[in-house]
Amino acid sequence: MAFSILSLDQAHDLKSFNCGNTALNTWLQNTSRQHQKKNISRTFVLVQDESPATILGYYALAIRGLTMTEALPQNMKKSLPLNVPTMTLARLAVSIKEQRKGYGERLLLDAMKRVKTASRLIGGGFLFVDAKDIKLAGFYARYGFVALPSDPLILVMPIEKIP
Ligand SMILES: CC(C)(COP(=O)(O)OP(=O)(O)OC[C@H]1O[C@@H](n2cnc3c(N)ncnc32)[C@H](O)[C@@H]1OP(=O)(O)O)[C@@H](O)C(=O)NCCC(=O)NCCS
């Protein structure tokens, strides 16, 4: 089976997507295309090449803004200006029927790679993610994200550390 991760477009079937989390389903169905059109965020979908309209999973990337260096984990603060430009993995979800097959990992690694590529053009020091709960924070930590000292559910990774 061949898979692709593609920029969201009109051909993708948003209505049938169900990851078990209403907010993530609703955002994909009602907001993702509008944000794509207005350049507020970018959504990428995982599809099987044989069935390219069916979304197996998706992620969304956006600019997070400026973050105060003071808020970063101790070992990331060195030699930085007072504020640093950051990006965010704004959404990540896999269809409930397809979870625990490695697609979440595939999407996360692709998102990280894409952020690194974007940073080569425009800069951007850190990639953030807001985990929904502490178990999910553990999921992100496995890929190198580190929690902020002030909040175990906000995790960050220096973009230069993305392989
Ligand atoms: C979280 C989510 C994206 C993971 O995707 P997935 O395709 O099921 O995950 P993978 O199969 O790639 O799993 C990769 C690893 O993470 C772990 N993992 C998966 N889901 C996890 C969860 N909810 N909590 C903690 N660890 C999890 C798995 O154990 C796996 O490790 P293993 O292979 O050693 O067992 C998916 O479960 C999902 O969409 N959940 C509902 C929406 C959601 O909560 N999104 C995250 C918002 S922060």
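**Figure 1. Helix α1 and its kink.** Helix α1 of this predicted model kinks by about 50°, centred on T31. The bend at a residue is the angle between axes fitted to the seven residues ending there and the seven starting there. Helices are DSSP runs of H or I with at least four residues, strands are runs of E with at least two, and both are numbered from the N terminus. α1 covers residues 22-38, 17 residues in total. Just after α1, N39 adopts a positive phi of about 65°.

**Figure 2. The shell around the ligand.** The ligand is surrounded by 20 residues. A residue is near a molecule if its C-beta atom, placed from the backbone, lies within 6 Å of it. Q99, G104, E105, K135 and F139 are the closest. Two or more residues each come from β4 (83-94), α2 (103-122) and α3 (134-141). Helix α3 gives the most, with four residues. By class, nine shell residues are nonpolar, six polar and five charged. Here Ala, Val, Leu, Ile, Met, Phe, Trp, Tyr, Cys and Pro count as nonpolar, Asp, Glu, Lys and Arg as charged, and the others, Gly among them, as polar.

**Figure 3. R64 and its contacts.** R64 sits in strand β3 (residues 57-68). R64 counts as partly exposed because it has 19 C-beta neighbours inside 10 Å. The cut-offs are 20 or more other C-beta atoms within 10 Å for buried, 12 or fewer for exposed, and partly exposed in between, with C-beta atoms placed from the backbone. Leaving aside neighbours within four places in sequence, R64 is in contact with T86, M87, T88 and F128. Contact requires C-beta atoms, placed from the backbone, within 7 Å.

**Figure 4. The whole chain, for orientation.** The protein chain has three helices and seven strands. Their order from the N terminus is β-α-β-β-β-α-β-α-β-β. Of the 163 residues, 28% count as buried. The C-alpha trace spans about 50 × 30 × 30 Å along its principal axes.

**Notes.** Residues are numbered from 1 along each chain as its sequence is written. Local features need pLDDT of at least 70 in this predicted model, side-chain atom pairs count only at pLDDT 80 or more, and totals for chains, interfaces and linings use all residues.

Note on methods
The expected span of a helix is 1.5 Å times one less than its number of residues. Two residues are in contact if their C-beta atoms, placed from the backbone, lie within 7 Å.
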